[in-house]
Each structure stands twice: as C-alpha cells, then as structure tokens.
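Subject: Handover of a structure and the findings on it

Dear colleague,

Please find below the structure that I am passing to you. My notes on what was found in it follow directly after.

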Amino acid sequence: MLSLISAPYGFGAVELTEPSYDYLGQELSYFFEPEGPPLSLSEAMAARHSGQFQSHHSRVLHLGSAPKPHWVYLPLHNADDKALRRTLEIGPAWIDQMNVYLLHGQQVLQAFYAGDAKPRQQRPVPNQGYLFVLDVPPGNSGLYVRFENIGSHPLVVRLLEETQQRTVAKWISFIDGAQLGYLLALIAFNLMLYSGLRDPNTLNYSVFLFIYVLLYLLSSSYINEWFWPDSNHFGILMLLVAVAWSSLHFARHFLDIPALYPRLNSLLKWGANAFMALSVLLSLSGFYVAGMRLTFIALIIYPVVMVVLGGLCLSRGLLAARYFLAASAFGLLGTATTNLALWNVLPFNTLTFNAMKIGVLLEATLLALALAYQMRQHQVARLQAEHMARTDPLTGLFNRRAFFDVSDSLWSTAMRNHRPLSVILLDIDHFKQINDQHGHATGDLVLIALSKLLQQTARHGDICVRWGGEEFLLLLPETHDVQAAHLAERLREQVERLKPAGLSITVSLGVAERGNHYSLDSLINDADQRLYSAKDAGRNQVCHQACVTCSDELGQAL
Ligand SMILES: Nc1nc2c(ncn2[C@@H]2O[C@H](COP(=O)(O)OP(=O)(O)OP(=O)(O)O)[C@@H](O)[C@H]2O)c(=O)[nH]1
C-alpha cells in the first residue's frame with residue numbers, strides 16, 4: 001500500500017515553473033466512486049495506484065449531464081528549488097461540493113472544502129469558479145479532488161501564477177461589467193419606451209432580458225447570497241425555465257403569431273405553460289434531475305422554435321422578422337457553440353467558451369433593432385393612414401375633412417387680425433358629357449390634370465381641395481376679392497388651353513371674400529352661389545362680388 005502511495009507523480013505532470021493560461025483537462029485523470037459511502041482520500045489514492053483512474057484527452061472534463069460522485073487527479077511538478085505559489089481555478093461556479101487535497105509524497109499539505117451546497121464551505125468567485133491558493137513544494141506533488149454535484153458540470157481547471165490570476169480577475173470584471181451594463185442599458189431604455197409608448201413588445205423584451213441577467217448573475221455566483229443561498233441549483237433551474245418561457249412569450253407577440261398562426265400559437269402557449277409547470281413540479285417534489293433534464297431539453301428546443309417562427313413569419317412578409325430571425329440564429333449559434341465546446345465536440349478556447357455570451361449580446365441587440373424597426377413600421381403605417389384619411393386618392397389634393405382641419409386656424413387668424421381671405425370654387429363644365437362620351441378613365445385624367453394645374457397656380461400657403469366630384473375649392477389667405485378674381489380668371493384661361501387627354505374643357509368659378517361673413521361656411525356658401533351664377537350665365541366664366549357678366553344679383557347690382 002505504501003509503495004503504491006509513494007509511486008512517482010512525475011509522468012505527464014503540470015510544470016509549475018512554466019506558468020500558462022491553458023486549461024488542464026488533458027492532464028487530468030478521473031474515477032467514478034462505486035455505490036456506497038463516500039471514499040476517503042486514501043481509498044481514492046489506492047484506486048488511482050491500482051490503475052482505476054481513467055486518463056482524459058480534452059481541455060474540458062465533461063462526465064455527462066448528471067455524473068455520479070467522482071475523483072479527479074492532477075499531477076504537479078515544481079522544478080524550482082523553493083515552493084511556488086499558484087492559484088488553482090476550478091470552474092464552473094455551481095459545483096455543489098468538492099474536497100481538494102494537495103499531496104507531496106503521502107503527506108497532505110493542504111486541504112480545502114468548497115462548494116455552493118453547504119453554508120460554511122468556501123464559495124466560488126463570481127464568474128471564475130473556485131480559487132485555492134496552493135504552495136507547491138519543489139519536486140513532484142499531486143492534487144486529488146472529489147466532486148459531488150446534482151446535474152451537469154463541465155470541469156474547467158487552470159493553475160495560475162499570481163499576476164496571471166490578477167489579469168484574469170481584471171478581464172472578468174471588465175467583460176462582465178461591460179456585458180451587464182449593456183444589457184441593463186437596453187432593459188432601461190426599453191422600459192422607458194414602454195412607459196411612453198405602451199408597446200407591450202418593449203415590456204416583454206425587457207422582462208426576458210432582465211430574467212436572463214438574473215440567470216447570468218446567479219449562475220456566475222454574483223448573487224447567490226441574495227437568492228436561494230443554499231439551493232443554487234433550484235434558483236438556476238427556475239430562472240432557466242423563466243428565460244425560456246419569457247423568450248417564447250416575447251417571440252409570439254412580437255411576430256404576431258396569434259393572428260398569423262392561431263393554432264400554432266395555442267400549441268406554443270399551452271406547451272410552454274405545461275413544460276414550465278412540469279419542470280417546477282418535478283424540482284419541488286424532489287425529482288430535481290428529471291426537472292433539470294426536461295429544462296435542458298426545452299432549452300435546446302426553444303431556440304430552434306424561435307428560428308422556425310422567424311422563418312415562418314418572414315415567409316408571410318413580416319419584415320421585422322428578418323431582424324428576429326437573425327437575432328434567434330445568433331442566439332442559437334452562440335448557445336450551440338459553447339455547449340459543443342463544453343462537450344468537446346468543438347475545440348475549447350476563449351472564443352468557443354464565450355460564444356454563448358457573444359450570441360446573447362448579438363441577439364439582444366438585434367431584437368432591440370427589430371423592435372425599433374417594428375415601431376418605425378407602425379409609425380409609417382399610421383402616418384400613411386392619416387395621410388390617406390386627409391387626401392383625395394385620385395388627385396392627391398386635400399379632401400374636405402383635411403380642409404376643415406387646416407382652415408379653422410386660417411379663418412380664426414384672418415378674423416382676429418382683420419386680414420383678407422378669399423375662396424374660389426371651381427366646377428368643370430359639362431363634365432358628365434366627358435365621362436359619357438370618353439369614359440370614366442378619361443374623366444379621371446381630366447380631374448388629375450386640372451388638380452395639377454391648381455397646385456401649380458396656387459401660392460405657397462393657399463389651400464387646394466377636391467371639394468366634390470368635379471368641383472374644387474381654393475382657400476386664399478391674405479387675398480382680397482379682386483386679387484382672387486384675377487387668379488380665378490387666369491385659371492379659367494389656363495384651363496381653356498390645358499387640353500387634358502386631348503379634350504377641350506372649360507370651368508366655371510365663383511369667388512367670395514371674407515368681408516362681413518361671420519363663418520367660413522357662409523363664405524363658402526357665397527362662393528357656391530356665385531359659381532352657380534357663373535353656370536347660369538353660360539359657363540366658362542368667373543363670378544365675383546363686382547361681377548357684371550354673371551347672374552349674381554350682387555354682381556349685377558355692382
Ligand atoms: N371620371 C370621374 N367622374 C366623376 C368623378 N366624380 C364625379 N364624377 C362625375 O362628374 C359628373 C358630374 O356631373 P354633373 O353634376 O351633372 O355636372 P356637369 O356634367 O359637369 O354639368 P355642370 O356642372 O352643370 O356643367 C357625374 O357624371 C359624375 O359621375 C370622378 O372621380 N371621376
């Protein structure tokens with residue numbers, strides 16, 4: 001037994017005089033404990049010396065989704081003539097229990113008891129894992145670590161020299177600060193948008209991101225003391241379930257799935273609720289591993305569902321789905337890359353290890369862009385609807401509704417400041433004949449040509465309105481009756497020369513000035529009467545206050 005214990009450590013040992021940031025998975029060997037009471041250190045040592053420890057060939061040790069208690073051995077060598085201080089880093093942060101022994105010969109030099117399952121054990125350092133300061137004597141030494149954990153824990157082990165450890169800690173603080181600051185800024189901004197715009201998508205997005213931030217903080221061991229201090233796994237599981245649920249909730253509403261795919265929507269909604277309830281129930285009733293497995297299955301399915309939903313909605317012409325699809329694809333890619341690296345399918349390096357974080361940042365950014373794009377689309381649609389409600393579709397001129405919106409203030413200003421304001425009403429002569437003889441489409445062309453002429457002739461500030469079928473109104477601020485009559489006469493002459501669709505047309509016009517009118521309606525009425533006077537007088541003429549050719553009584557009197 002003694003000879004077994006004193007067997008050499010040297011073969012394949014980590015050389016401590018050559019500090020490196022490398023992960024040491026390839027130098028590790030491991031051994032699953034048989035059923036029964038936990039093995040003691042000397043039993044584990046005996047198992048190693050009898051060749052029961054298996055060697056390992058990748059940088060991360062991943063022993064399945066719920067491995068049994070096991071031992072890990074790491075041989076060390078110090079070629080220096082004095083003891084070297086190294087920080088042993090063991091991640092991730094959510095290991096329940098581990099016993100670490102540093103041995104030199106058969107002598108235990110240091111022992112540590114760590115994990116997040118028992119209150120008085122050494123706790124992990126946020127986002128780095130468990131840190132143990134080792135003073136390794138010259139020559140060969142060895143590290144034995146016993147792990148016990150409910151659920152998956154890919155094991156990432158490094159030995160860092162003091163300055164390396166400080167560098168790692170600095171970069172972790174910097175990257176975590178930047179990442180969390182960015183996500184919190186997105187959450188705050190979207191909550192502000194929600195408080196102003198009441199768009200439920202911005203709220204759903206903020207809730208989803210906030211749960212993700214909580215999950216990140218909890219799984220990296222930042223906030224274990226505040227939430228579920230003695231049941232970290234339960235907290236992580238609940239937040240995983242909540243992240244999955246809230247992301248699907250956001251996706252369903254953002255992509256308008258209830259309207260586009262009502263049946264699929266019900267399926268997703270009830271499926272997500274049932275899965276959430278089942279996971280929580282299983283975990284609460286002691287079937288934690290089953291609950292966890294269910295959650296992990298869902299976590300694989302959810303991102304795929306997102307991508308499929310994005311694709312479906314894009315095929316239905318929902319443009320904001322482009323951003324959504326890209327966001328989901330990045331999220332899926334990041335999560336898949338990190339998981340495949342942890343399972344040693346992809347090479348494990350800083351990029352693949354952090355791919356999930358990068359994916360989430362890209363996903364959050366693209367979803368924020370998707371929301372912005374959707375809001376812009378809603379705004380454009382609203383403006384278009386408003387524009388259409390105010391505009392005559394054939395001629396592009398204001399319709400009556402828009403006229404009353406804008407004319408009120410012009411009328412009030414003119415009244416208050418005693419300023420002139422005139423109205424011209426214009427009607428195409430015998431327009432019915434044009435329609436009857438040349439067809440409705442030709443009639444439309446005539447109307448379009450005439451409205452263009454009106455727009456070109458009117459000054460900036462004048463208002464052109466399609467008043468009815470073939471009737472137009474011009475509201476002319478700062479214009480006296482005589483000036484309006486001149487404009488009307490000019491228009492009449494231009495129409496004669498216009499020849500729209502090759503046809504000769506004429507118009508009759510009635511002009512009225514604000515004068516003693518008490519309301520805009522009465523002013524328009526006056527112009528209308530003069531228009532009909534112009535028609536009665538033989539058409540193709542202007543009738544105004546000083547009119548002598550038309551049959552207007554007032555004009556005749558003048
Ligand atoms: N092409 C076309 N015709 C229209 C439109 N709106 C109204 N009309 C036609 O305009 C004609 C107006 O006819 P009437 O009210 O009898 O007037 P008119 O033939 O111009 O006769 P007077 O006004 O007395 O000279 C009708 O035939 C309507 O169908 C339109 O948007 N497009």
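This is a predicted model: local features need pLDDT of at least 70, side-chain atom pairs count only at pLDDT 80 or more; totals for chains, interfaces and linings use all residues.

Residues are numbered from 1 along each chain as its sequence is written, and side-chain values use heavy atoms, with hydrogens and water left out.

The ligand

The ligand is surrounded by 16 residues, the closest being His 430, Phe 431, Lys 432, Asp 444 and Arg 466; a residue is near a molecule if one of its heavy atoms lies within 4 Å of it. Helices (H or I, at least four residues) and strands (E, at least two) are DSSP runs, numbered from the N terminus. Strand E11 (421-428), helix H13 (431-438) and helix H14 (440-457) each supply at least two residues of the shell. H14 gives the most, with four residues.

For Ile 428, a backbone N or O atom is 3.1 Å from a ligand oxygen. For His 430, the corresponding distance from a backbone N or O atom is 2.7 Å. In the case of Arg 539, an N or O atom of the side chain is 2.9 Å from an oxygen atom of the ligand. On its own the ligand has 660 Å² of accessible area, and the protein covers 67% of that; such areas come from the Shrake-Rupley method with a 1.4 Å probe.

Helices

Helix H15 (residues 481-498) has 18 residues, which should span 26 Å at 1.5 Å a residue, and its end C-alpha atoms are 25 Å apart, in agreement; the expected span is 1.5 Å times one less than the number of residues. Its buried residues are Asp 481, Ala 484, Ala 485, Leu 487, Ala 488, Leu 491, Arg 492 and Val 495. They lie on the same side of H15 because they cover an arc of only 160° around the axis, the arc being that of the directions from the helix axis to the C-beta atoms. On the face turned away from this buried side are the exposed residues Val 482, His 486 and Arg 497.

Helix H4 (residues 200-219) is largely enclosed by the rest of the structure, because 15 of its 20 residues are buried. From first C-alpha to last, H4 reaches 28 Å, close to the 28 Å expected. At its start, a side-chain oxygen of Asp 199 reaches to within 3.0 Å of the backbone nitrogen of Asn 201. Just after H4, Ser 221 takes a positive phi of about 75°.

Asn 201 is also joined by its side chain to that of Gln 374, through a polar contact of 3.0 Å. A polar contact is a pair of N or O atoms within 3.5 Å; within protein, one must be able to donate a hydrogen and the other to accept it, and residues adjacent in sequence count only if both atoms are side-chain atoms. Gln 374 is found in helix H11 (residues 355-390) and, at 8% relative accessibility, is buried.

Helix H9 (residues 321-342) has 22 residues and reaches 31 Å between its first and last C-alpha, close to the 32 Å expected. Among its buried residues are Phe 324, Gly 331, Gly 334 and Leu 342. Just after H9, Asn 344 has a positive phi of about 65°.

Loops

The peptide bond from Gly 91 to Pro 92 is cis, with omega near 5°. Pro 92 is placed in the loop between strand E5 (84-91) and strand E6 (97-104). His 418, in the loop between helix H12 (400-417) and E11, has a positive phi of about 55° although it is not a glycine. His 418 is exposed, with a relative accessible area of 65%.

Yours sincerely

Key. Buried means under 20% relative accessible area, exposed over 50%, partly exposed in between (1.4 Å probe, protein chains only).
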